[in-house]
Amino acid sequence: MTDSISKAYNYLQNFKVAEKPIIDDSDLMPLESLIQEKNYYSPSIPRILFVGEFKAGKSTLLNALFGGDYAATDVLEMTSWVARYWPSDKKFCKIVFSNGSEEYVNPIEFKDKCQSRDYTVEELQNISRVDIGINNPNINYSVIDSPGFGSTTVENEKRVIDAISEADFIFWVLSCEVIGGMREAAIINSIKEKETPMICIVTKCDLIDDEDELQEVIEYVNETYEIDRDSIFPLSANNYINDQNEYETQRFKNLTQFIDRRITVNKEDIRRKAQESHLERIADHCRDLLESIETEVDKAIEARERYKSLLTTVRMTVASKMESDIVKYVSCNLFNPYRKSIIEKMDGIKGKLTSEKINEALENALPADYMDEFWENTLDYTLLRIKELWSEGIEENIEEIQKINNIVLSTKFTVAFSDDIDQFKTTTNVLADEAFRTSITASIGIAGVATAYAALLGPAAATITIGAAASGIGIPIALMGAGVSAAVYFVKSKGGASNSAKGEKILDITIEQFIDGIIRTEFMTKVKEFNLQTENNLISNFEKQVCSRLPESDLDKISNEIKNLKSELENIHYLVPTNGISQECPFCGKKVTGNTPYCLSCGNYLKRA
């Protein structure tokens, strides 16, 4: 095979390893069969045509030569079709029906079904050809087993004549039980006119006890059909298979040595063109499979991009609403239960107003764990509001989601919302609370808060240490002292004498400093990052479900790889397309009719314009 075909075939094989592959063995089997069939078209592997009367023993002889149980024997009208056998990496069986359809079956099951006569007469008559792969390294030739001369249809005898054009050598299988039939004689003489080399194999010789009688048979064939005695091989396939006696083994050795030494490819030019044609057939099949996957993947990419656009719109809407909602929440709730007490404590400060005194007033007015509890409540509110806003955003885009859903439903892929939109909305609601908390803590926890207030105070914050704030993820009251200091400095510079500063004014400035220095700069940054991560997670979840049917999780990479492989395969063109429904095969000259894409005589691929 060419490098491009090998690359495409190996690439397609990768799809079988997916959890729920988008293509399976039934999709790949026709391609694998074509690849196995390449040996049949090889210009270095000769073809032998088996001809003879029905029940002459061709199938038993084939099994003896192949060293396996490949051909069914003792079956009524068994060989009413052309059976082709050739060396293959593995056993396989392809049935080609008269209407051009194909079926791939287990070769042993097919043989057993034939031999047990499970096929009806109608089913047998509908079979045009059977292809079987022979997994035996000692076999270096192909066999065309033609319908028996005694079969009941004119079409079968026509198949015998057509098969001659494919053969490099002919084995006439003649049963010693029936010699001298006029029909067989006429067909053999017709075959000899084709000038294809031929030998005669006299079968069932175990039925002849007298050596002189066997010699009479050989003499008759020699004189009647002008076949050299050296080209007549008497034997008993049954004895060889069942008894393995030395005499019969030698007979078969004579035949196999003849095959190895004397049988060569006589129609090498036609065979080489047939091989090139077959490669194009394989390339076309690879392209078809790649295109089928590409269509599915491109639809999935289209759905993903529309999904991304929708989620980006929702995320931006959520982000804009979240900041105003959280600022409003903090403004209304920070210190609110203790506001009156705090103001009274601040108003009761005696003497010079200092940050230490205001901080002491705060600590006296607030419970020790107040800021931890407030911070937890803020996180709870944030998570709840994110869920609500995302759900609202999804509800507002149900129509677009349904369109995305329809795209996915038109493919072999499935995602969470393919069957039920509510399931999709549920997916967006189940946000990772713990992940969000961990993210917030890691970024604006103790160290983040200390850094934020230090930025507000500049050098005045030098005494603030992380060690002083080791009381959980909340904002300890000790750190609020820094905010209070900032408020005091503001009051002193903007509000006049310290004694005139009111507790309410100081408290409001402290809340503003908290919102500007912590909520807007640190907290909302993480909320936006979390919103973006929520969007990315939903996209990732979509791709993960889609890619469970693919060998990897990158849809764009798969799409590009398929396009590149298809481009390489486009360079494989050995034939110029031909027009018309009725034409002559450019290789063997046989007339080709109907819509079959290849010549049934020589197997060449015929491109239709």
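**Local features of the predicted model**

In this predicted model, K55 lies in the loop that runs between β1 (47–51) and α3 (58–66). The residue is not a glycine, yet K55 has a positive phi of about 70 degrees. K55 counts as partly exposed, at 41% relative accessibility.

A positive phi is also found at E226, a residue other than glycine, with a value near 55 degrees. E226 belongs to the loop between α8 and β9 (232–234). The relative accessible area of E226 is 67%; because exposed means over 50%, E226 falls in the exposed class.

Helix α8 itself covers residues 211–225 and includes D212. With a relative accessible area of 53%, D212 is exposed. On the surface, D212 is part of a patch of negative charge, where it gathers with D209, D210, E211, E213 and E216.

Helix α13 comprises residues 355–365, and its buried residues are S355, I358, N359, A361, L362 and A365. Viewed down the axis of α13, these buried residues fall within an arc of 155 degrees, so they line one face of the helix. In general, an α-helix has 3.6 residues a turn, so residues three or four places apart point the same way. The exposed residues E356 and N364 are carried on the face of α13 that is turned away from its buried side.

Notes. Residues numbered from 1 in each chain as written. Predicted model: local features only at pLDDT ≥ 70, side-chain atom pairs only at ≥ 80, totals over all residues. Heavy atoms only, no water. Buried < 20%, exposed > 50% of the residue type's maximum accessible area, 1.4 Å probe, protein only. Helix = DSSP H or I, 4+ residues; strand = E, 2+ residues; numbered from the N terminus. Arc of directions from axis to C-beta. Patch = residues over 30% accessible without salt bridge, like charges linked within 9 Å, V, L, I, M, F, W, Y side chains within 5 Å. Areas by Shrake-Rupley, 256 points an atom, 1.4 Å probe, with all protein chains shown as cover. Salt bridge = Lys/Arg side-chain N within 4 Å of Asp/Glu carboxyl O. Lys, Arg positive; Asp, Glu negative; His and termini not counted. Charge placed at Lys NZ, Arg CZ, Asp CG, Glu CD.
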